[in-house]
Amino acid sequence: MNKILLNQKVIIYLSIETLLLLLATIAFFIAFKIVKNWDINSFTPNQFTLERENYLFITLVQMLLFFSIFDTIYFIYVIDKLHLFIPGAMCAAGVINANSFGVPLLLLKLFFIFLLLLWQNINILDLREKTFPYTKIKASFFIIIFLALIAIIYFDINYFFHLKTNLPVSCCSTLYGQLEGQNPLPFNLDTKLLLILFYLLFIVVFGALIGEVAFLILLATPLFLYIAYYSVTYFFGTYIYELPTHKCPFCMFQKEYYYIGYLIWGSLFLGTFFALIWAIDALLFKIWQKKLKLIAQISLFLFVIICSSYVAFYYFKNGVFL
Amino acid sequence: MIDIQNLTKKVQPNQTILDNISFRVKKGELVIVKGVSGSGKTTLLSILATLDKPTSGKVLINNQAVHKLPDLHLSLFRAQHIGFVAQHFNLIEHLSVYDNLLIAKGALTNSIKEAKSDITKALKQANILHKKDAIVKNLSGGEKQRTAIARALVNCADILLFDEPTAALDSKNSQTFLELLQNLHKMQKTIIVATHDPIFDTLKAKTFIMQDGKLYE
Amino acid sequence: MRDSIFFQLILINFFSNFKKHLVTILFSTLLLFLLTATLFISDSIQFMLKSELNAQSDFVAKRVLGGDFVPMPKSYFEKIQNTIGISEANCRVIGRYFFDKSYWALIIGIDPLEPQSQKILEKILDKKSAKALLTQKVMLIGKGVQEYLQKHYFQNFYSFFTLKGKIIKVKVLKMLQGFGLNNIILMPKNLAREILGLLPNQCSDVAFNVPNKKEWNNITNKIEGYYFDIMLFNKDELLKAYSDVFNFKGGFFLSLYLSSFLAFILFLYTQYSFISSFEKRQIAIYRLLGWSIKRVLWLKLLEIVLIIFISFTLAFVLAYFFVFSLNAPILKLIFLGSDNLKIFSSFYPYIDFSTLFSIFLLFSLGFFTATILPLWRAAISEAKEVL
């Protein structure tokens, strides 16, 4: 038997996933019925039943969203703690790269939350209208979300069943370090260009939010997310760890760095997700939601401020850059 | 304003309770619907109270086609516009008068501060303020009715529906109720009373007679 | 909170259906208590082990013969001591002394003039006891040892039997305080040698520190190269081994626990599927007054949140009291074998909040999954049915 599967945290995590799947399955059956039979203008008892089930469906998905957010945070926490059991791993980086299922799993989980947030957004728009115009879209969309959850469960099982406690893995310095002058940055960027791009894209996204240019947000935000990932891993991270060679997106989740990783990555994902949802609303539904925009702006601003202040504080303290 | 067009309600395919009813009630009007028990008065009232949906036909209240609304919006509409006083009052017996009104207020707002002044006002209008903290179980029939009326008034509903309001009252209490009803009528509320009690004959009001699911003026 | 009608109504409803909720709260508190208490125990033990290991020396070198550990000539110690990068090397005299078949204590010989590789020993040795250890036949004993002595009518001394049949009377100097010291006897090194049957030029093993952690691998290779009958153990390996044991035991317990959790979910489902006419009437009145299905459902769900919160708080307080005040009777036997029981006299109050959070997450999710369908069924009660 695989030793990892007897770890308390892994057992709890997998149990949570099972319960989430159970909730989603109930919601899936209702969604399927709605896609097939929903007709707001009908007066049949069938439609009345369906309408009542619709409220259950909504509550189930909202619960799924609520618990998925905590579940993802918990997942990161679990893999961070597992480094004690896996030889060679110093933080979550080694654990998540221990087999080929880890990274896709994490990305899927983040994407899953984005999908659920988008769903919740459509739901709010739907319930506002007296005719529930988007209920069918909502239900079809949930079927896609359900498939994503199935994929997550598939990766979950494969990831934890193939996590070996006897095979040594690489630590973050080998995974993210520059080996033999290789440049890990995309588009062959150097650090200077990366930073210029980082701040430029931030200004573009932030400006587009203020000017409400939806399609620009839709284009620039994913790019910003991409560049921000590299900037934090290869530049800002080194200031968090105060070590020019320590390049890792995961170590900052640890206690030594005051769990700052949760705040940094959390604000980045929250900001980009909400900016994207705002833009999708504006383009598809012609609805401009002020609250969404404000949350996106605050989160993104917070993210950039935290990252930049690490560099600034280091400079004030030591008088030099790394 | 209430506008009913070709309203039909069937329980089973062959059992018709309301048969092609059409009528209008203007704002501030007092309407009495008379008929023996089992004639369909209660069903008509619960459709007007948006608690039941018609099998066919239209129900327009304040220009809103309520028969089409989904529950989420219908409930909101009910809370805002309709006060319903049922024959057995439908109060929660083990709670206080105040708590019963708080539930009604809770359908629209979440702030107790906001609710408090409205509750006091409604209790005053229904003449039951002195029993504010009493448990409903311990009230007399007349007091229970006034509590139910206060609850119907607490969200400033413009339409009030009464189902057999005097059935559980003695003649003295019935008389008090009539006075209260006239006061409410003066407040420009649209009022519909379903009853078979002859005491209402003394009132100056538009009267309908209900028989075998049909409505006659 | 105080200004919220929702909150007020949740409380009202909670007390209206108090009997039903009471059963649920009792069950869930019991279940949560069991889990929380075990986690408190295992967290506390792991914490104590970790801090004890941190106070230990980085490396211990042992000599192996016939697959068992045997005493080591002093020459080994001198060679190790002279290796560059090593500090506080100590020729340890350490071993079990069996008072009778069922009870033993760990004798540790110390020389107050030597540097101590174990930080904890430095703390214990004040001037007075150091002086006594240098000049007299005395010992410092843990609480467990003292209890044994008192049971056998030894007031402040014990007469040790050496392996050669000699009797040595040793006075008790003072009691040792602190966890991990329950079953330990400290005495002068030469005295310990005599009692344990070691020759004057022998050590039980050699303990030493390597301050530069990056050199750990190097040093290991070097020393294992000196002698082929030497085996090196470092602190991290011990830590991992200990973690493995408790990881396994905790996980095993949790798996068992989850099956009862499943039963609990089923219990909740049936418990909340039964809706009394009294409850149905209440909900219908809410609906009559303009509460939508969605709003009623949320009100009911928040009632569940209150129940979860109450059970969790109760379970937490009870478990804390049970483990850290009552010292976890019965339950600790799951985690501590009789050997370990002797090392720890009581649990150090250490709580890992992330574990608590994870239980809370799992538990509340399970609770909601079990109750959402019944609650929804209650929430769609039609108002017209009670008129």
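Biologist: At what angle do helix H2 and helix H14 of chain C pack, and how far apart are their axes?
Modeller: In this predicted model, helix H2 (residues 18-55) and helix H14 (residues 353-379) of chain C pack at an angle of about 155°, and their axes are 11 Å apart. At that angle, which lies over 145 degrees, H2(C) and H14(C) are therefore roughly antiparallel to each other.

Biologist: Is the crossing of H2(C) with H14(C) left-handed or right-handed?
Modeller: H2(C) passes H14(C) in a right-handed crossing.

Biologist: And which residues make the contact?
Modeller: From H2(C) the contact takes Leu32(C), Leu35(C), Thr36(C), Leu39(C) and Asp43(C), while H14(C) supplies Thr355(C), Ile359(C) and Phe363(C). Divided by class, the residues of this contact of H2(C) with H14(C) are 5 nonpolar, 2 polar and 1 charged.

Biologist: Now to a pair from two chains: how do H2(A) and helix H11 of chain C pack?
Modeller: H2(A) packs with helix H11 (residues 293-325) of chain C at an angle of about 45°, with the axes 10 Å apart, and that angle makes H2(A) oblique to H11(C). The crossing of H2(A) and H11(C) is right-handed.

Biologist: Which residues meet there?
Modeller: On the H2(A) side they are Arg52(A), Tyr55(A) and Thr59(A), which meet Ile293(C), Lys294(C) and Leu297(C) in H11(C). By class, the contact of H2(A) with H11(C) comprises 3 nonpolar, 1 polar and 2 charged residues.

Biologist: Staying with chain A, what does the domain assignment give?
Modeller: The assignment for chain A gives domain 1 (3-161) and domain 2 (182-318), and the C-alpha centres of these two domains of chain A lie 25 Å apart.

Biologist: Switching to chain B, in what order do the strands of the open sheet come?
Modeller: The open sheet in chain B is formed by 6 strands in the order E6-E7-E8-E3-E9-E10, and the pairing is mixed. Strand E6 (82-85) and strand E10 (214-216) of chain B stand at the edges with a single partner strand each, so one side of each has no neighbour in the sheet. On average, and with direction ignored, neighbouring strands of this sheet are turned by 20° against each other.

Biologist: What joins E6(B) to strand E7?
Modeller: E6(B) is joined by 4 bridges to strand E7 (residues 159-163) of chain B, and the two run parallel. Gly83(B) stands opposite Leu160(B) in E7(B).

Biologist: Last one: how many residues of chain B are in contact with chain C?
Modeller: There are 29 residues of chain B in contact with 22 residues of chain C. The elements giving two or more residues to the chain B side are helix H1 (41-48), helix H2 (71-81), helix H3 (97-106) and helix H4 (112-125) of chain B, and by class that side of chain B has 14 nonpolar, 9 polar and 6 charged residues.

Notes. Residues are numbered from 1 along each chain as its sequence is written. Chains are lettered from A and ligands numbered from 1 in the order in which they are written. This is a predicted model: local features need pLDDT of at least 70, side-chain atom pairs count only at pLDDT 80 or more; totals for chains, interfaces and linings use all residues. Domain bounds come from an automatic or database domain assignment. Two residues are in contact if their C-beta atoms, placed from the backbone, lie within 7 Å. Ala, Val, Leu, Ile, Met, Phe, Trp, Tyr, Cys and Pro count as nonpolar, Asp, Glu, Lys and Arg as charged, and the others, Gly among them, as polar. Two strands pair if DSSP finds at least two bridges between them. Axes are lines fitted to C-alpha atoms, for helices over the stretch in contact, and angles run from 0 to 180 degrees between N-to-C directions. Angles under 35 degrees count as roughly parallel, over 145 as roughly antiparallel, 65 to 115 as roughly perpendicular and the rest as oblique. A crossing is left-handed if the near helix is turned anticlockwise from the far one by less than a right angle, and right-handed if clockwise.
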